[in-house]
Amino acid sequence: MFLVLWEFEVKPGCEKRFERVYGPGGDWDSLFRRDPPPCEKSFIPRYGETACVPHSEYWLSRKSYEEFLSAQDVEYKALDSIAEELTANERHVGSYETFVP
């Protein structure tokens, strides 16, 4: 498995739109579901003083993730550009190879 972790700081007033874009059934979810093999995503909205939202993606392998990025490059970048309007900060926490025995 290959794990990609992100953290988003959502701009005040953009929480509902952010959830529609990033949450289950949203624009990102729809994009990820198009390209086999599917990945598993975790979206946990957490709003308080700052609206920081952790986001994780599980892929079968680093290769499947890289192939997805290559195949969906144009649409991925277009969605990312739209989503940037909703966030004050987007941070790639890290990418990790996980091994399942």
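Guide: The model is predicted, so local features need pLDDT of at least 70 and side-chain atom pairs count only at pLDDT 80 or more, while totals for chains, interfaces and linings use all residues. Residues are numbered from 1 along each chain as its sequence is written, and side-chain values use heavy atoms, with hydrogens and water left out.

Visitor: What does Arg62 touch?

Guide: Leaving out residues up to four places away in sequence, Arg62 touches Phe2 and Glu97, where contact means heavy atoms within 4.5 Å. Arg62 is found in helix H3, helices being DSSP runs (H or I, at least four residues) and strands likewise (E, at least two), numbered from the N terminus.

Visitor: Why are H2 and H4 called roughly antiparallel?

Guide: The axes of H2 (residues 27–34) and H4 (residues 73–84) cross at roughly 165° and come within 11 Å. Angles over 145 degrees count as roughly antiparallel, and H2 and H4 are therefore roughly antiparallel to each other.

Visitor: Which residues make the contact of H2 with H4?

Guide: Asp27, Trp28, Leu31, Phe32 and Arg34 in H2 meet Glu75, Tyr76, Leu79, Asp80 and Ala83 in H4. These residues divide into 6 nonpolar, no polar and 4 charged.

Terms used. Axes fitted to C-alpha atoms, helices over the stretch in contact; angles between N-to-C directions. Parallel < 35°, antiparallel > 145°, perpendicular 65-115°, else oblique. Nonpolar A, V, L, I, M, F, W, Y, C, P; charged D, E, K, R; others polar.
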